[in-house]
Amino acid sequence: MSLIELKSVSKIYPLGNQQVVAVANLSLKIKAGEFTVLAGPSGSGKTTLLNLIGCLDQPSEGEVWLDGHNVGKEEAKQLAKLRLNKIGFIFQSYNLIPVLTAAENAEFTLMLLGIDKVKRRQRIVELFAELGLQGLEDRNPSDLSGGQQQRVAIARAMAAQPAVILADEPTASLDLQTSEDLLALMQRLNETQGVTFVFSSHDPLVISHARRVVSLRDGCLESDR
Amino acid sequence: MELLNLAWKNLWRSRRRTLITLAAVSFSLMLVQGSHNLSFGVYSAMIDSGVRAGTGHLVVYQRDYVDSRDEKFSFAPQQLVEQIGQLDGVEAVLPRLFLPGLAQSTRESRGVLVTGVDSQAEQRINPFLKGMSLEQLPSLSGREAVVGSRLLKELQLKPGNKFVVTLQSRDGELVSEMFRVHSVVTTGMKNIDKSLLLVGRERAARLAGIPGEIQELAVVLRDQQAEQAVYPKLQRLLKDRPQLRALSWTEAMPNLSNAIKLDYASSQFIFIILLLIVTIGVINTLLMSVMERFKEFGVILAVGASALRLRILVFAEAFLLGVVAMVLGSVFGSLLTWYLQAVGIDLRDFMEGNLEFGGVVFDPIMRASWDWPYMLQIAFFMLLLSLVAAIYPAIKAGRILPAEALRHH
C-alpha cells in the first residue's frame, strides 16, 4: 500500500480575475521508504505538490491520501495533527526559531506532542550524535553555520519519527560540499532507518542522489523514473 | 510551561519595543494607583473632617428633620447617648440643637444659627474647635458663646462683649437672652464663620422652650469602616422609638457625598482614558510582533502546531507582558503612594486660605492613604487588559495559512 497517493489532483490559485493552475490533474503514488525527488524548473508546481502532500494546502480537485487519510476531507485541526504525527518538514532557509537553542528547536515537535522533557532531551542527544551536531545543543541558530542549521532542521523533522520527511529545496542555501554531506546523511538515514524522503529540487546534485525522480512541468507530470 | 518559556523569549526579541510597552503600562498603573490612593486619602480626610464637624458617621434625627431642617423636629435623647456610646466602635456621641435666630450687638444685628452643644464631647471631636481648651468653650447651661470670626467682626464685637440672641420659642413667642463672647473660631468657610454661634446645649434648649431636647445625635466612629457593623446595632436601639431614624453620613450630608462621588467619577473617567490608550499600545506591540513573525508562525503551523496553540502563544506573551507590568507598576505605585503619604502635596504654595470642598474644610497638605484592595484590583485589571489586547493579534495569528506564510519573505 502507498504511503502517499495523489488521485487526479489539481490546484488552482485565483490571481486577480484570472486563475493560475499550479498542479493539473496529477496522479502519483509514493511508497514508504522511498527517496524521491520532485524535479522541475521554477513554477513547475514542485512546492505546491509538496504543500499538498504535507497537508499545508488542500487540492482544488482530486484526492490526496497520506497514510490512509484523505487530506482534502480533513478539518484544519485534523490536518495539524496529521502534520505533527506523520510529517517532518525541511525548508530551504532552515526556518529555525531564532529564540530557541538548537536542541530546543529540534525537540519542538516532541514538545507539541506532549512528550516529557527528559525523554525529549534523550531523543535529541541521540539525534544530534547521529547528525554530527554534538556539543551544539545550547547554541542559538544565529551561532550555527548554514549546514549546521540545516542539520538541526533535519533533527527537528526526524525527532517525532514521522512517516515521511518533506524537504523543499533543502540544499538551495548551502555550498556544494555541505549539500553533498547533507544529501549523503539523508540517504544514510533512508537506507539504515527506512525514513521516507520526498524532495522538491531542481538541483542536479539532489536529483543525482534520488532513487526516484518525478519530473514536473507546468504543473503536469512530465516523467517518473 | 515550555510555551510560557517560548513566549518569554519572544517578548525579548524586540527588547526596546517591549521595554517601551512595559514602561507605558507600568507607568500608567503607577499613576492610577498613586492618584487613586491620593484621592482615597483626601476623601478619607474630608469625610473625617466632615463627619466630625457635621453629622458624624451615623446620625439620629426625628424622622423628617433631615429633609425639612425644621427646628420643631426635636426629641429627648433619654438614655440614647449612653447606650450608643457603649456600642463597639463608637468614639463619641454628640447631642446638638440648631436654632435659627438673630444676634444683636449694640451696633449691628445678624442672622445666626445658634448651635447648642455639649462642649466636653464636642471639644475632642469637632475640628472647628481644634486647639481650644475646655475652658474656652461654653458650659452646658452658661451664657458663654463661641462666635464665628466673621460674625464677630460684623457685629463689631470683641471677646468679652455681651450681645443678645433672639429666636422663636416652640410656642411661637419671640424670646431673647444675653450671651457673652467667650471665644472666637475661624473655620475657613465663609458661610459658617458668618453665622456660627456655639452655646451650651441646655441653655439653648431652655431658651427655645424645649428643655432636654435635641435635634441631632451625631455618632462618630473610631473607624469609618465600622459603619456597616454599628448601623444595625443603632437601628436595634431605636426600634422602640419609631419617630427616630438613623442615617449614614452619605444620607445626612448629601452635598459632601455627592461632591466626592462627582470628583471620583471624573478621575475614574481619566483613568479609563489612560487605560484605553495603554490597551491600544499593547495591541500595537502584540500585533507588530505577530506580523513580524508571519513566516515563523507558518513554520510552527507546518511542523504540527494547531492554530489554537499559536493563539495561546500570543496570549501567553500578553500574559507575561501584563504580569511584568503589573508587578513593576505596583512597585512604582506603592513607592508613589508612600511618598504621597509621607510627604504629600502641599497646596499652601498655590492658594491662600483654607481649602473647602463639598462644604468641608480640609488639610491643605493632601496625603495619600493605602487602598490595597483597589491597588490589587486595578493591577489585575491591567493584566486583564493585556489579555484583552491580545484577542485581535491572537485571532490574526490563528488565521495564518501555513502554505501562504511559508512563501512570505
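Predicted model: local features only at pLDDT ≥ 70, side-chain atom pairs only at ≥ 80, totals over all residues.
In what order do the strands of the open sheet of four strands in chain A lie?

**View 1. The open sheet of chain A.** The strand order is E2-E1-E4-E5, and the pairing is antiparallel. E1(A) and E2(A) run antiparallel and are joined by nine bridges. Strands of a sheet pair through backbone hydrogen bonds, in either a parallel or an antiparallel manner.

**View 2. Helix H1 of chain A against the sheet.** Helix H1 (residues 46–53) of chain A lies across E1, E2 and strand E4 (61–66) of chain A. Relative to E1(A), helix H1 of chain A runs at about 120 degrees.

**View 3. The surroundings of Val9(A).** Val9(A) belongs to strand E1 (residues 4–15) of chain A. Its bridge partner in E2(A) is Leu26(A). Ala102(A), by contrast, is 93 residues from Val9(A) in sequence and 37 Å from it in space, C-alpha to C-alpha.

**View 4. The contact between chain A and chain B.** Chain A contributes 19 residues to the contact and chain B contributes 16 residues. On the side of chain A that touches chain B, helix H2 (76–86) and helix H4 (108–112) of chain A each supply at least two residues. H2(A) gives the most to this side, with five residues. By class, the residues of the side of chain A that touches chain B comprise 12 nonpolar, three polar and four charged.

**View 5. The packing of helices H13 and H15 in chain B.** Helix H13 (residues 307–342) and helix H15 (residues 391–398) of chain B pack at an angle of about 150 degrees, and their axes are 8 Å apart. H13(B) is therefore roughly antiparallel to H15(B), since angles over 145 degrees fall in that class. The crossing of H13(B) past H15(B) is right-handed. H13(B) makes the contact through Ala307(B), Leu310(B), Arg311(B), Val314(B) and Phe315(B), and H15(B) through Pro393(B), Ala394(B), Ala397(B) and Gly398(B). Seven nonpolar residues, one polar and one charged form this contact of H13(B) with H15(B).

Note on methods. Residues numbered from 1 in each chain as written. Chains lettered and ligands numbered in written order. Contact = placed C-beta atoms within 7 Å. Nonpolar A, V, L, I, M, F, W, Y, C, P; charged D, E, K, R; others polar. Axes fitted to C-alpha atoms, helices over the stretch in contact; angles between N-to-C directions. Parallel < 35°, antiparallel > 145°, perpendicular 65-115°, else oblique. Left-handed = near helix turned anticlockwise from the far one by under 90°. Pairing = 2+ DSSP bridges.
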